[in-house]
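Open the model in your viewer and keep the selection tool ready. Each stop below tells you what to select next and what is there.

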Amino acid sequence: MLIQSPVTTPLGLIMLKTTSEELACPREDLSVARKEELRKLLLDQVQTVLGLLTGILESIWDKHSVTAATPPPSPTSGESGDLLSSLLQSPSAAKLLNQPIPILDTESEYICSLALECLAHLFSWIPLSTSITPSLLTTIFHFARFGCDTRVRKMSSVNGSSQNSVLGQERGRLGILAMSCINELMSKNCVPMEFEEYLLRMFQQTFYLLQKITKENNAHTVKSRLEELDERVLCWKRQAESYIEKFTDFLRLFVSVHLRRIESYSQFPVVEFLALLFKYTFHQPTHEGYFSCLDIWTLFLDYLTSKIKSRLADKEAVLNRYEDALVLLLTEVLNRIQFRYNQAQLEELDDETLDDDQQTEWQRYLRQSLEVVAKVMELLPTHAFSTLFPVLQDNLEVYLGLQQFVVTSGTGHRLNITAENDCRRLHCSLRDLSSLLQAVGRLAEYFIGDVFAARFNDALTVVERLVKVTLYGSQIKLYNIETAVPSVLKPDLIDVHAQSLAALQAYAHWLAQFYSEIHRQNPEQFISLVSTALEAITPLISSKVQEKLLLSACHLLVSLATTVRPVFLISIPAVQKVFNRITDTSAQRLPDKAQVLVCRALSNVLLLPWPNLPETEQQWAVRSTNHASLISALTREYRQLKSNAILPQRKVQLEDTKVIIHQTLSVLEDIVESISGESTKSRQICYQSLQESVQVSLALFPAFIHQSDVTDEMLSFFLTLFRGLRVQMGVPFTEQIIQTFLNMFTREQLAESILHEGSTGCRVVEKFLKILQVVVQEPGQVFKPFLPSVISLCMEQVYPIIAERSSPDVKAELFELLFRVLHHNWRYFFKSSVLASVQRGVAEEQMENEAQFSAIMQAFGQSFLQPDIHLFKQNLFYLETLNTKQKLYHKKIFRTTMLFQFVNVLLQVLVHKSHDLLQEEIGIATYNMASVDFDGFYSAFLPEFLASCDGVDSNQKNVLGRNFKMDRDLPSFTQNVHRLVNDLRYYRLCNDSLPPGTVKL
């Protein structure tokens, strides 16, 4: 009524929107029955409401269209109409959308914005159906044109008045609101058959708008038009939004949700759409807008890749259809990452501030661009390579040509390029080379596997160039050269050298496949590549080289030693030189990261089995001796600490000792971790070399128990040993280690670590618990004697300290250990005898260690009463796993003494809404527990639970009980649980809001 009377239309629309917001998704102050009733009543009115809103928008449009002055025809309107006709399959519809946009008065704009806001909210919850009529959709699209018509916006500057400026903003706002309505409809994945035709019409009309936005004409470039449309306007919910953002959201939804549905319609021109998307992408006025468009292309390329994989028969036909678009995309994305073509934009990017993903704006820009390049490479490998490699080659020529400009000066070598313009051009070329090297490295995965032979020549060309470039950089030492602009050119030269090494490293898997293919044939070419690469690496392994370059060289060395593993590696002089450098105590130690990487590489050269060779030719005896020598040299100072361990140390001496422990253990831990998944022989040799150092570590441990930073590193080392080499360590020594730890971690020591030493102390205890997790998972009987001590340590020493602390420290590791104790040692608690189960017909196991089992279960129950949602989720998962694997909920002790206590706790958690994110998981767990004894649940537990509920009267309890149907299937049961919880909260809310002394009937 209010809406239909012109005077009260705005009020009626505001009330309609409020009704939609408040009643379609009501808060908890309603019972479930009332919520369902309201939703049904609202759905019954949807058709009427949508009809009213359509009428309002149409009447305002029509009224103002009549008075609108018709502008002279645009010189390009004919071509615009042609594409539009092909999109809409209807010249009349095209003509309709080409009508001039009316000029609305302020009141009409206000009413239209209210109506569009109502529609946006209604579309968020009503199902797609024929209630959403073609005339309503057409009307919404009419209003969407307000956002993309710059002529309408320009009106604000006709008189230069602030009032007109506001009018222009309002008109832009109508366009944004209309796009919000369209996007609400677009976001629905479940589309009824009868609505598909409407969707097709929506897409056709939206792409008319896209064509309008990206159309070139004399007055506007595409980019300047997009800049105008990207102005932010205060919109619905008072958020600043721009038309371009909304339009990009639409395009993302179209590609991600509906493209597979629409592509099959012959009347929808997908290739023309991609042409418009291309223009839209590469004229974006902001970096964020461009990133968003690249995301859309990534979605499209993923869609195309999965389509081709599922329809291999017509792969060529699909690729041919899109080939031109993909090649254009690839070329333009590559141009956009090069200073040569896009310097102004690239210089705006920040390359210093790290975002949440630990990357700068420039790194993000490059990474997203290279992902698009890589996805095109996967679809069109030959095109992509022939596009990229010549561009790389051009920039490489500049870099390789720098040698002629290197002159010797008094202080060393200098680059004789001094003119400002030349320096700037060189800077741009080096930046581009660095980006293109990353691009070439990113494509390495598309040359291996099944396509190795087919693409061998291209890959060989790349690898030969990369090897040449890395050697060139190391030989003429461009990283140490003096330049005219050291703050710019020196980092550029270092970066190019580092990126060339990183790109070569990306081809390690290709080199490994090359090695296995040519083995015993004609390996000279392969040997030459690897030897030259090592010549490039060796000069860089020095503490005098910048860390970025040093680490790139170390990573390449590790990849050659670990992934390629050529048999001749150990005999290459460059590698022997690195061995001598690392084992020479007089040489200056490399920075920590580099030292660890080089030691890993050298260890792997000796430990990892050579590919393509039988066991008899692996030369294990010689390699074992060499490995022992290497480890002995690396641990010389560390092993000498054993004799001083028991003596009190002065502060300076203690710090020196800590440095030795840190440096040695970080190297040893990394060596063990890198071979933990390798063959038994590799692990045996590794442990033989490490044995003395491990014994030294165990002897040192008690002396440093009060130094939590040292204990932390030692336990990290032992944890890695237990995970990787526990078989090689043998049972007696493993038992000795565990016993030492159990003796050292007394209640007092645990309390000191957890309560007084902060995060480092907690980390120490967590690592100790992780070691015990590895121990209790070990199959067989070897470590079973430790179980009582482990459980005792958990329940009597650690648990009492952390149980009442709100901090989550240590708890997650403790409960994981308790779960592992139960999961891997079930028979410690439940002795099942096959004969007994056959005789009784039901496996009712004999229970042992009942007190310990009950204590563990009680700890799990207590954890559900604490606020930490991560711990709650983890522990609920553990209980469910134990039920799935071991039938925990069916065991007599659980069924008779604990089952309904757990159900009670879970229901209380739902009622208190303390862990609302886990509603679904809690509902399923409640069902799994109740289903063990449904009769008991319905006849005893539920009445008791309701009787114990405070804040509700007996009549309300009866209603709650009656509404909980005795369903036994999971969906109905969980629905009943959520109804019970909702209505219980609703009754409490009602009762709490009554004034004191109210008489309840």
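Select Lys375 and Asp302. Their side chains meet in a salt bridge, 2.8 Å from N to O. (A salt bridge is a side-chain nitrogen of Lys or Arg within 4 Å of a carboxyl oxygen of Asp or Glu.) The pair links distant parts of the chain, 73 residues apart. Lys375 belongs to helix 16 (residues 361–379) and Asp302 to helix 13 (residues 287–310). Helices here are DSSP runs of H or I with at least four residues, and strands are runs of E with at least two, numbered from the N terminus.

Before moving on, two notes on the model. It is predicted, so local features need pLDDT of at least 70 and side-chain atom pairs count only at pLDDT 80 or more, while totals for chains, interfaces and linings use all residues. Residues are numbered from 1 along each chain as its sequence is written, and side-chain values use heavy atoms, leaving out hydrogens and water.

Now colour the pair by accessibility. Lys375 is buried, at 17% relative accessible area. Asp302 is partly exposed, at 35%. (Buried means under 20% relative accessible area, exposed over 50%, partly exposed in between, with a 1.4 Å probe and protein chains only.)

Stay with these two helices and select Glu378 and Lys309. Their side chains also form a salt bridge, 3.5 Å from N to O. Glu378 lies in helix 16 and Lys309 in helix 13, so this pair ties together parts 69 residues apart in sequence. Glu378 is partly exposed, at 32%. Lys309 is exposed, at 57%.

Next, go to helix 35 (residues 811–824). Select Arg820 and Glu816: they form a salt bridge with the closest N and O atoms 3.2 Å apart. The two are four residues apart, about one turn of the helix. Both are buried.

Then select Lys17, Glu21, Glu117 and Arg173. Salt bridges with shared partners join them into one network. The whole structure holds 30 salt bridges.

Last stop: helix 38 (residues 850–863) and helix 39 (residues 869–886). How do they pack? Their axes come within 9 Å and cross at roughly 140 degrees. (Axes are lines fitted to C-alpha atoms, for helices over the stretch in contact; angles run from 0 to 180 degrees between N-to-C directions.) Select Met857, Phe860 and Ser863 in helix 38. They meet Leu871, Asn875, Tyr878 and Leu879 in helix 39. Contact here means heavy atoms within 4.5 Å.
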